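Reader: I have just opened this model and would like to understand the terms used for it. Could you take me through them with care?

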Amino acid sequence: MIKPNPNIAVMAPYALPDISAAEGIEAIVLAQNEHAFPPSLKVREAVMAALDKGQLYPDSDWNELRAAIGGVHGLDIDKIICTAGSMELMSTLMLAYMSANDRLLMCEYGYLFMCTLARLVGASVDTAMEPNYRVDVDVLLSELQPDTKIVFIVNPGNHCGSVIHNDEIRRLRSALPDDVLLLVDEAYAEFVEEDFHAPIFDLVEQGNTVITRTFSKIYGLAGLRVGWGYFPGEIRDQLRKVLNPSSVSVLSQVAARAAMQDQETAGLARRQIAQQRDYLSTQISSLGLTVVPSQTNFILVEFVSADSAASAFEFLRNHGLVVRPMGGYGLPACLRITIGTGEQMQLTAETLAAWQDQHHG
Ligand SMILES: Cc1ncc(COP(=O)(O)O)c(C=O)c1O
């Protein structure tokens, strides 16, 4: 029998969460950080029209999509790369730059897919603690090793939802050696209220920082798989050697372009999500539970114990509300809840209050 590479053979299968509700109940899934709203009419119309070109391969340079992204963010479109979700960008970057002798440094509650990728290429992973659910630049720097090649941060963070302020990111970049790449995953950046965060794409100009974003979150296209990133020219050239040139389908490219051009819808979604996030956070806090302040479309809720979190999870699930247990991420006393529609958030708040009454009332 053919043998897999040794580092693949020892890996556990990629574990997808169980998002089914109790038997016979239709699930409201609040476990995946998906957008609360379906794609807009403009996106649907663009996709329907593009079906006429379904027999052709997609534009492997994503010209129209890059122009739309560059136009909205004021970026040099030559430095933009588009992929089938930002996960593909991360895989490509790791394949191109990391090997068995290298180390990845990430945060305690960082995005675990990066660990999977590191294992795939045989690289080692160091993690920096996140005191009070926040990335601490000094702690990160204290974990830097001579062979650290990539430092990975998520801003705002998944799973905590907290923001690393730009001056801290700049301080991190300045303290890192020049040949260490800083990867900033900004999957949730569009949810951040403007006062909290200005774009930091200018760091890319220094040549040793890359920034990834996605259409899966505020643009609501998780199922269509489009991510994009901003890269120094040299890194872009290396990534293009590794990338599947046809991974972003014709339909996905036009959908993403239409969504990017419709900033009004994205702005409206940002405000609606913020409103529901505030509502749910207030309701849950009033039950005596701790809610980590979030600038994303999810909140992390801390219960008094792992047993208490497990009991709340089951209670919610029995009422059709599927949230994310966090034991697998080192947070057994927490649940992560995606912000959904007003109706879903009201139901979630009421159901948690009912759980609280039954268990502690
Ligand atoms: C922090 C973070 N980065 C990246 C992704 C993946 O995004 P995409 O759908 O673009 O591959 C996710 C998805 O949940 C995420 O939470």
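Author: Five strands, in the order β1-β11-β12-β10-β9, make up an open sheet with mixed pairing. The model is a predicted one, in which local features need pLDDT of at least 70 and side-chain atom pairs count only at pLDDT 80 or more, while totals for chains, interfaces and linings use all residues. Residues are numbered from 1 along each chain as its sequence is written, and side-chain values use heavy atoms, with hydrogens and water left out.

Reader: What makes β1 and β9 the edge strands of this sheet?

Author: β1 (28–30) and β9 (290–292) each pair on one side only. Strands here are DSSP runs of E with at least two residues, and helices are runs of H or I with at least four, numbered from the N terminus; two strands pair if DSSP finds at least two bridges between them. From one strand to the next the twist averages 35 degrees, where axes are lines fitted to C-alpha atoms, for helices over the stretch in contact, and angles between N-to-C directions run from 0 to 180 degrees.

Reader: How do you know that β11 and β12 are joined?

Author: Two bridges link β11 (residues 321–325) with β12 (residues 334–338), and the definition of pairing asks for at least two, so these antiparallel strands count as a pair. Within β12, leucine 335 is the bridge partner of proline 325.

Reader: Which helix packs on this sheet, and which strands does the helix touch?

Author: Helix α10 (residues 263–285) touches β9, β10 (298–302) and β12, and its direction makes about 10 degrees with that of β10; contact means heavy atoms within 4.5 Å.

Reader: What is the strand order of the sheet of seven strands, and why do β2 and β4 stand at its edges?

Author: The order of this open sheet is β2-β8-β7-β6-β5-β3-β4, and the pairing is mixed. β2 (80–83) and β4 (124–128) each have a single partner strand, so one side of each is left without a neighbour in the sheet. On average, neighbouring strands of this sheet are turned by 20 degrees against each other, direction ignored. Strands β7 (residues 209–214) and β8 (residues 227–230) run antiparallel and are joined by four bridges, with tryptophan 228 in β8 as the bridge partner of arginine 213. Helix α4 (residues 86–97) lies across β2, β3 (103–107), β5 (148–154), β6 (181–185), β7 and β8, at about 155 degrees to β7.

Reader: How many residues surround the ligand, and which are the closest?

Author: The ligand is surrounded by 14 residues, the closest being Ser86, Asp185, Tyr188, Thr214 and Ser216; a residue is near a molecule if one of its heavy atoms lies within 4 Å of it.

Reader: Why is the protein called as compact as a globular protein of its length?

Author: The protein has twelve helices and twelve strands. Its radius of gyration, taken over C-alpha atoms, is set against the globule rule, 2.2 Å times the number of residues to the power 0.38. The radius of gyration is 21 Å, close to the 21 Å that the rule gives for 361 residues, so the protein is as compact as a globular protein of that length.
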